[in-house]
Amino acid sequence: MNHSDESKALLDAAYEALKFVDDPEVGLNVVDLGLIYELDLHEEEKKISCLMTFTTEFCPMGESIQANVTEALKMTVPGYVPEVTVTFDPPWKQDMISEAGRAFLGGY
Amino acid sequence: MFGSPLGGNVARTTSHKVVIPFYAYGAVAFLVAAVLLLISNGAFTGHWFQPHLLAITHLMALGWATMIILGASHQLVPVLIENDLYSNKLAYTSFALAAAGIPLLVYGFFVFNLGWPAQLGGSLVVCAVLAFVANIAISISKSKRENVHAVFVFTATVWLLLTVLFGLALLFNFTTSVFTRNSVYYLTLHAHLGVVGWFLLLVLGVGSRLIPMFLISKYKNPPLLWSIFILVNTALILFGIFFLYHFATGLNYLPAALVFVALLLFAHYCRMAYVERIRKKVDDQMKVSLLAVALLLLPVLVLLALIAVLLVSAGQATNVVLLYGFTIFFGWLTAIILGMTFKTLPFIVWNKVYRHRAALGKMPSPKDLFSHPVYKAMGVAYLLGFVLFGAGILLAAPLLLKTGATVLLAAAVLYNWNVLKLLTHKPFRK
């Protein structure tokens with residue numbers, strides 16, 4: 001999707017904001033943990049969509065994490081309605097953790 | 001690339017209102033059991049069939065271990081079976097019945113009045129277990145996926161039901177003739193149905209899921225877990241047959257050896273999960289839980305020694321019997337609960353307090369909700385108390401027993417202090 005410079009800046013800001021949302025059990029943010037599959041800005045609909053997952057389908061912290069992601073997007077991209085969708089297709093795998101995330105967890 | 005979005009249809013977490021009462025009850029039961037251990041430590045130099053020992057054993061087995069496990073199960077079973085818990089009402093019912101029944105049963109044993117208080121208490125416990133089994137069975141039947149962990153959990157609940165039904169029959173057998181022989185004769189079978197069928201299978205089933213999950217490990221090995229499942233259940237069935245049909249004592253080496261092999265395989269499973277973990281920094285709670293896996297092997301080694309002593313002496317091996325029971329209830333079961341309480345309860349409390357406080361900026365993490373110095377002190381006190389009391393049993397040394405019981409009581413106080421700190425946590429101000 002083509003975005004204006006302003007939208008790109010908003011998306012970058014949204015990604016950065018999500019780095020403040022931690023999985024409380026792991027202590028690592030949802031971006032580096034690999035929970036965020038897609039993040040997109042829909043300028044005409046004034047909507048910011050996020051496709052994400054959890055480390056396990058019946059994650060006891062799932063609701064909290066999803067609420068935190070929604071709140072983070074709402075506060076970072078004012079005027080846009082956050083739409084956070086959870087999917088388990090494909091399921092989360094350890095390989096999805098970023099290099100920074102692996103370094104945080106102790107690395108290999 | 002990505003399909004089947006669930007939208008807002010995120011799995012429901014079991015309400016904290018269901019789970020927390022079990023944890024609170026278990027903590028108090030542990031404290032009371034530690035007090036009873038201190039005032040009754042003299043009983044550990046005599047025969048194993050004594051009122052105070054029966055009371056402490058049942059308080060540890062039901063009030064402490066089972067209540068905590070029931071509470072945790074209501075939270076964790078949905079994670080294991082990948083489906084919602086069927087009914088919160090059944091969970092409340094289970095708690096209320098067990099909470100009322102356990103003190104009556106324990107009181108009956110303590111004063112050795114096996115009439116109506118104990119019988120009513122035992123009946124209430126059976127009803128509590130029936131409510132739990134129904135809840136788990138319906139939850140699993142509605143699950144779309146089958147997995148080895150769910151089979152462990154369901155089989156364990158069936159063994160629990162058999163254990164409490166048999167226990168209730170033994171209780172009535174004290175006052176009415178239910179069986180051909182006296183109840184004391186059957187206690188070995190009752191105890192092993194509970195310890196191996198309920199506690200061991202459940203711990204193995206839940207642990208095999210949670211340990212790799214908490215370590216963020218890639219390791220998976222369902223065939224190995226199925227082997228463990230078959231070994232443990234075969235051992236239990238063989239033990240039941242040998243017991244009921246009066247086979248030679250020496251044959252009990254076979255089920256004991258099968259359980260020992262199962263535990264070695266489980267230790268290997270945990271080691272592999274640990275080796276292949278991504279999360280290199282392992283917290284204290286996980287360390288205590290992994291210690292509990294090692295402690296699993298201790299009762300089996302004591303059991304193998306016990307069978308040898310029984311074969312040689314052809315009589316009583318009271319101190320080894322007592323040590324065997326102690327290593328189970330105050331050993332691996334207590335160790336795994338001390339570890340897992342602070343791995344699960346902080347998340348339940350965190351979810352209760354912070355789930356609707358989502359905002360940018362740092363919130364306390366679940367591990368910030370309890371005191372880590374107190375946790376470490378509890379761990380040291382527990383290990384010291386366990387070793388001292390265990391040595392006291394083996395050497396029939398009153399001073400060691402009293403000192404060990406005092407230190408274990410200190411561990412129970414510190415555990416309760418941290419649980420209370422968690423349960424009364426108020427949100428941090430920004």
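Colleague: Which residues is Trp159(B) in contact with, leaving aside its neighbours within four places in sequence?

Modeller: Keep in mind that this is a predicted model. Trp159(B), which lies in helix H5 (residues 148-175) of chain B, is in contact with Leu193(B), Gly197(B), Trp198(B) and Leu201(B).

Colleague: Why does Trp159(B) count as buried?

Modeller: The cut-off is 20 or more other C-beta atoms within 10 Å. Trp159(B) has 23 such neighbours, so the residue counts as buried.

Colleague: What makes H1(B) and H12(B) roughly antiparallel?

Modeller: The axes of H1 (residues 16-39) and H12 (residues 398-423), both of chain B, cross at roughly 160° and come within 9 Å. Angles over 145 degrees count as roughly antiparallel, so the label applies to this pair. The crossing of H1(B) past H12(B) is left-handed.

Colleague: What is the make-up, by class, of the contact of H1(B) with H12(B)?

Modeller: Ile20(B), Tyr23(B) and Phe30(B) are among the H1(B) residues there, and they face a set in H12(B) including Leu408(B), Thr406(B) and Asn416(B). By class, the contact has 18 nonpolar residues, two polar ones and no charged ones.

Colleague: How do you know that the span of H11(B) agrees with its number of residues?

Modeller: Helix H11 (residues 372-395) of chain B has 24 residues, which at 1.5 Å a residue should span 34 Å; the end C-alpha atoms are 34 Å apart, so the two agree. Buried residues in H11(B) include Tyr375(B), Met378(B) and Phe386(B). After H11(B) comes Ala396(B), with a positive phi near 50°.

Technical notes:
Residues numbered from 1 in each chain as written. Chains lettered and ligands numbered in written order. Predicted model: local features only at pLDDT ≥ 70, side-chain atom pairs only at ≥ 80, totals over all residues. Axes fitted to C-alpha atoms, helices over the stretch in contact; angles between N-to-C directions. Helix = DSSP H or I, 4+ residues; strand = E, 2+ residues; numbered from the N terminus. Parallel < 35°, antiparallel > 145°, perpendicular 65-115°, else oblique. Left-handed = near helix turned anticlockwise from the far one by under 90°. Contact = placed C-beta atoms within 7 Å. Nonpolar A, V, L, I, M, F, W, Y, C, P; charged D, E, K, R; others polar. Buried ≥ 20, exposed ≤ 12 C-beta atoms within 10 Å, placed from the backbone. Expected span 1.5 Å × (residues − 1).
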